[in-house]
Every structure is written in structure tokens, then in C-alpha cells.
Amino acid sequence: MTATVPTGPRALPPLGPHRKLKLPRQAERTLGNGLTVIAVRRSAVPLVELRLWMPFGRAHLARGAMLAQTLLSGTETMSSVQLAAELQKVGGGLSAGIDPDRLMLSGASLVTGLDRMLELLAEVLTGASYPTGEVTTERDRLVDRIQVAQSQPAHLARTALLKRIYGRHPYAVQTPEPEQVRAVRPGALRSLHAQRVHPADAVLVLVGDVQPERALDAAEKALSGWNGAGHTADLPPAPPLEPGPLLLVDRPGSVQSSLRVALPAVPRTHPDHAALQLANLVFGGYFSSRWVENIREDKGYTYGPHSLVEHSVAGSVLVAAAEVATEVTGPALLETTYELGRLAALPPKPDELEQARRYALGTLQLGMATQAGLASLTSAYAGNGLRLEFLAEHAARLAKATVDDVAEAAARYLAPARAVTVVLGDAERVAPALAALTPVEVQPVKA
Amino acid sequence: MPTRRARIPVTKYPAERFTLDNGLRVVLTPDRSAPVIGVAVVYDVGIRSEPEGRTGFAHLFEHLMFQGSENLEKLAHFRHVQGAGGTFNGSTHLDYTDYFETLPSNALERALFLEADRMRGPRLTEENLRNQVDVVKEEIRVNVLNRPYGGFPWLTLPPVMFDTFPNAHDGYGSFVDLESATVADAADFFRRYYASGNAVLAVSGDIDVAEATELIGRHFGDVPARPAPERPDFTEPDLTVERRTAYTDKLAPLPAVASAWRVPDPVVDFAGYLPFVVLAEVLTDGDASRLVERLVLRDRTVTSVGGYLGFMGDPFDVRDPTALLLQAHLPPGGDVDKVLRTVDEELDRLATDGLTDGELGRTQARMATHLLRDTDPVLTRALRMAVLEQQRGEPGLLNELPRLVGEVTEEQVRAAAATLRAERRASVEVIPGGAR
């Protein structure tokens, strides 16, 4: 191999021409029972990804959590072990998860196993039986898992933040207490399943090495017998953020403080969304942001600070999160407020905006480049009433947002005066420094 | 009648290999199905090679490789990758350290430039070193010190199983050692291990092989040639007497236990090693696996159980000595002895009675899905191929793994299970000290 040897400093090579976003081949069908099925082709590996989104707003918290925990625990004709073994035979697996918006069944299998995986999915949806023995086992497991979660600082900080943001909204409490879980009986799970696990308003997404029309046929064949006219429940809109004193949750002995700052945000379709996303990137939404460069790369206060616009069905919120050393908790808050205030008060520099814009556009391409990524994106969009075509629209909005647009969005959404701040940490050690910066209200870790 | 087995599909990722005059090995694996690329540089140095008194140094040094280089100021690397629409990271393993980006394919030359620049030499300054020692300490606090089960079992089991410093020590490092690190240490570490002859570059995704080859020559061709250092012998004898320790985790609310058994050399005796990879899945993959069915669903003596190869869960990118690990979390007041006895009983039953009809085939089908899914992102393809090239000179092995896993026989799995005897086992138990 020969090489040219440049002299002096070497220049950064320019980027090649930007490739336009190209959407994959897809097809969509609404079945007679109301189920929407979206199939997307991406053939890189001989697999298929499955996501089934079922709206589950306002479900009883502990029963919902237990339903997700036991949905795959057996049907009238199959035990949990048989179900798992049958799925394995086609290289498949399914898992269930829940949040205040939806119940989600996710999985993947060899593409040759798609029909069988769909059959087993239908078996679970129409025949989950919540056997008493399995429910008892899973109840104990869930209680243990909640206990472990409640010993994790990230979970505790999240719990406190949600409560502080959402007040009496269903989003305020997302993890049931162990005693609530212990009170759930199999009968309640069967009733909840009958009421809420039905195809109307549900969306099934299949992504992989499939012909989209053929995948829709397979889904229709397997799932058209899934019925049940239960009710849906609309979530009330999330309440606006109400700024107030910093909430300091006392976790004695913490060697780090978990800093969480919530700010207002808008849904994906809002005209301000693209500009807000760019403003968030400039602030703290990626590594090359002001906040990360400041509190990590300059000051060494923290390892992985990040800031993200979180979208839920009933509203969106921007959350900035960092785990910072106990002794620099006050200074870390100071720098955070400074960086928010600086962006809210002064426009970003044009090159900062261009860098953020290229990141936003590039990572759209990266997110679409795997089956799993594409499946999760398609499902998240569909659960919020959007289709993949929205990606192109969003890309166009990102491409044309100006410095003024971003400055305006920053002033509107990133102003520190609008922030709701929660810190979880050793109150005795961090309260004085925090109180020097802002009014502080202290509460014990288990309020 | 035996159950019909799912046919295991194969991938046909190409693997173009060549070596530059300076000794840098290169693997190219084009795939033009999406306009994205993965770029990975893997250096043959990891946690096992760090000097005594410098625990955590390999990882700290990984951080320093992002702090500027010959033509790049601090922060420039991050900005150039992300400003091209890409993402980056690095990670430190027992036997290697990787640096990688995934980007839109129009940034290929830029990514090559960035990697070549730091291969010529990072900017090692006192200021950057102190800053990154602080960052690494926060990383350790997040992942180990401020959370329950921190470092369990990847940091807490090796010192039970192994006796020599390279294999037994804490790879994240002690704060004392991290704080003692100097710029001279870093310069020495770079000189010794970050040699062109000790590295592999892999590029995957939307590339033209001829063009990529030309660009690689242009950017890496004049990286000074330095040979790979001799790799020390890290072997240790197998255990002949059971080892077991326990420690109190003051944040943990529930007990937990992890056990490890040595396995055949993954590189030298790959055929002997593969049955253990399959065995771990037979034991723990999902509700239909041996230990989940027995311990979680039937006996209810554990709330979860997992099994895998390698302390960092890295079955195909680790060298000898390594292990098969099982780890379980127990309910309140759970009995660790009873759990270990039941594991022994199940291993014995597997070794004696063999597998049930279809049990092996379905496990292998599921493993194929996991292996294929792992290589769907172009970046993991580049990373895996780079390490396979480095440790085996065989990047194309990536295509063979689902099939090779599928060819492991029942007899081999039984024989593997038969070797996991109590006297060869090292275990570590977490005693809950949580207030709850």
C-alpha cells in the first residue's frame, strides 16, 4: 500500500454530498376487527421484528403492571413453558411491557417463523388465562423487582420528578407499591384483559426481511379472530409545568446527586418541535452540546449528562438529567442554570446550529438503518397517530429551521425560570449549596 | 418422532482483508442497503494488560484517546463526528479496547481521518488527564458505588476465581490508582500498546471497496510503523477446590449469587468451547430453559437467573482464561446454598439424562436470532469483525456463528454440563445490607 505524505497540519476532509432520506417499502391495512397492521421491508438480516401497541391509558396501576408480567404465563391450552418453547422453535421470543400510554408486546424471530409467531401472539391475545399458580409466582417476582428498583437512585429520582411534574395526572405515579401488587388476584387480570386487550385502536408493526403485503396477509390470517369490544380510555392532557422551589429528595449516604430538570416541550407535530429539538441539542441533547462540554469535559462533575424531549400521548416534556458528585452538586446546578439561561437569552451561533442540525438529520438515517430501530420508531409514531412519512416532513423542518427559530424556541421552552428541578442526594451535604442558588424544599426519599 | 428443526439461515457479509505496510490490519465489509457506515478501530490491549498499581488504566486511557490528537483540539473529535450526523464511543474489555463511529456514509473519509489522527498520537496533557480522572470517577460512582449490585459480578467474581493480577484485579480501578496516574504513564502505555501493528481497522456498510481502500491508504498509510508488543501469558490453572466468598452490599435489598466455571480456550479450542456457549442458553434462555423452569417457575427459589460466557458477556471476543457464568437474584431471605445445590442437581440431570426432544434445536434457533440481530447494525458488524480479525485472523467467522452454534450436538452439551462440577466452581454471594 502506498501513501501520500502531507506536510504540516492536516485538514479535516469535507463531507460528501448529503443523501436524502429514503423511506423503506411498506404497506398498511386495517383489519375487520379494527387492528391496524403496518409492515415494513428491511432485508439486511433474515429476521422479523414485531411490535404490538395497545392503548392502555388509565388502567389500574398494579393490575396493569401484573397483566404485563403474566400475559405470557399461559393460555387455556398452553403453559408458559410451552409458549416459550414453541416461540423458541422458530427463533422467536415475546415480551410484554407497560407504561401509562400503552401495553406493548415486542419480539423478533427468524423470518421463516413469522406465521408461527403471529399464531402464538393470537393465542396469547385471545386466550391468556392468568393461572393462579403462575400469577402468585409472578406477583412475588414483580414485588422483588420493584424493591430493587426502589434502591436505584435513577429510579427514585424519576419517581420524584414524575410526581412533581404531573401532580394528580395518571402519569404522576408509574410504579405500583409492593402492597398494591400483592393485592392483585387472577380474576382482576382476566377482567382487565377482557376490558382492555382488544384490537380496536391497536397497531401491529412488522419489520424485516418480508414482503410487506405478504406480511399483512399473515397478520390478517392469524389475528382476524381477535375480538373483544372493550372500552378505550382517553388520557387527560398533561398539566403545564408549575415552577416552584427545588425539590431535594434526601437519600443519606449518596456519593452522587441525581439532578433532574424538567422543562416544557411540544409534541412531534407542533410547528415549534423541530426548532425545540435543535435548541435542546445545542443545550444538552448530545455530547457536543454546551452543557456536556461544560460540566463533563471542562469541569469533570459528571459522566453522562443528557437532555431529551420525551413524548407521551398526553403531552411532551424536556428532561435534563445528570448524576454529579455530591461535593459539586451546587456548582453543577449553577452551570446547568447558566447554560439554559444563556441559550434562552442569546441566540446560538450559526455553526453550533449547523452542527446540531447535521446531527439531527444524520441520526434519523442511523435510526432507520436497523430492523429493531425501524420497528420501534414505526411503532412509537403509530402509537401517536403518525406514519413513517412524517420522518420526511420532520427532516424538512429540521433542514429549514433558522437561528431565529431556534433562539425563539429556546427562549420559550428552555428558560430556567420555567424549570421544575428535582435533586436526589444526601440532603445534609448538598442542601446548603443548593439553597444558596434557589429556594429548596426537602423531603425524605419515601414520602 | 423427533421434532423438526428450524433451518438456521446464514448471512453472507463479505470480509475483504488487507494489511498496510505499517502493519495495520484492515477489514472491509460493504453493505449498501442503507446510507450508513460503521468504523471501528480495535487495539489489542485491555484490562488484563494494565500494570500493577495502575488498576483502571486501560479504561482511563480509552478516555484520553478522545481528548484531542495530532491535528485535533480537545472536543474536536466529538464535534466532527456528531457534526457529520454520527455517533461515537469507545469501550475497554479484558483483551481489547475499541473506538468506533457510526455515521451517514458521506462522512467516511472524515471518520478515517479522525481515527488515523489519534492512532498517530493523542494529546496527552496534565489538564486533560485530571479532567478525565474526575469523569471516570463519576462513571464508577454511577455504575458501581451509588447503586445496588454495582460491579456484580463482573468486578466481584474475578478476584474469587483468579489468583494473578491481570485476571483478578478491578478493571474499573481504585480511586487511589486512578489519581496516581501520570501523563508519562499514558505516553508509555500509548507507545507500548497503541501501535499500528497492534490494531485492526474495520469499516462496514455503504462503502465502495476500491474507494475505501484508497482512502484508508491515504489516511493510515503514513502512521509510523510500530510492531505489536508480545502478548503476555495470562493462563492460570483451573480450580480443583470450590471457592466461595460473600460480601455485604449496603444498597442491595435482596440476596444474589453468581458462579463461574472455567471453559476451554475460546481461540485455541473453539470447537471445545462452543458447546458451553450453547449450554448457557439451554440453562437460562427464557421460560422454557432448564434453570428458569426449575428455579424461577417451579421452586421459586430465585426471581431471575441468567447464564453467559465471559465476565463481560462477550462469548466471541475474549481469550483464555474465561468462564461460563450463572447469576441469580433471590427473594427476601433466599437460601443461596439451596440454589447452588439445585443448580448442581440440574447440571447433573442434564449430563446424565441428556436433553429432551427438540430442546437443543429450539435453543439453537433462538441463538441464531440473537446472533443475526446483533449483526444487523453495520457498526456491530465492524466491531465484531475487527475483533475476530485481531484474535483469530478470521473476520468471516461472523457469518459462520449461527451455523456452528447449530451444529453443536446433544452429546457435546451433555459433556459440557458434566464439567461444571462444584469443585471447579467459584462463587460470590451478595448479602443485602439495604435498609429495606
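The C-alpha centres of domain 1 and domain 2 of chain B lie 27 Å apart. Domain 1 covers 16-220 and domain 2 covers 243-432, with bounds taken from an automatic or database domain assignment. This is a predicted model, in which local features need pLDDT of at least 70 and side-chain atom pairs count only at pLDDT 80 or more, while totals for chains, interfaces and linings use all residues. Residues are numbered from 1 along each chain as its sequence is written, and chains are lettered from A and ligands numbered from 1 in the order in which they are written.

Where the domains of chain B meet, 36 residues come from domain 1 and 34 residues from domain 2; contact means C-beta atoms, placed from the backbone, within 7 Å. On the domain 1 side, β3(B) gives the most, six residues. Helices (H or I, at least four residues) and strands (E, at least two) are DSSP runs numbered from the N terminus. That side of domain 1 has 21 nonpolar, eight polar and seven charged residues. Here Ala, Val, Leu, Ile, Met, Phe, Trp, Tyr, Cys and Pro count as nonpolar, Asp, Glu, Lys and Arg as charged, and the others, Gly among them, as polar.

Next, the other chain. In chain B, 72 residues are in contact with 69 residues of chain A. Elements giving two or more residues to the chain B side include α4 (126-145), α11 (290-298) and α13 (359-374). By class, that side has 29 nonpolar, 22 polar and 21 charged residues.

How values were computed. Contact = placed C-beta atoms within 7 Å.
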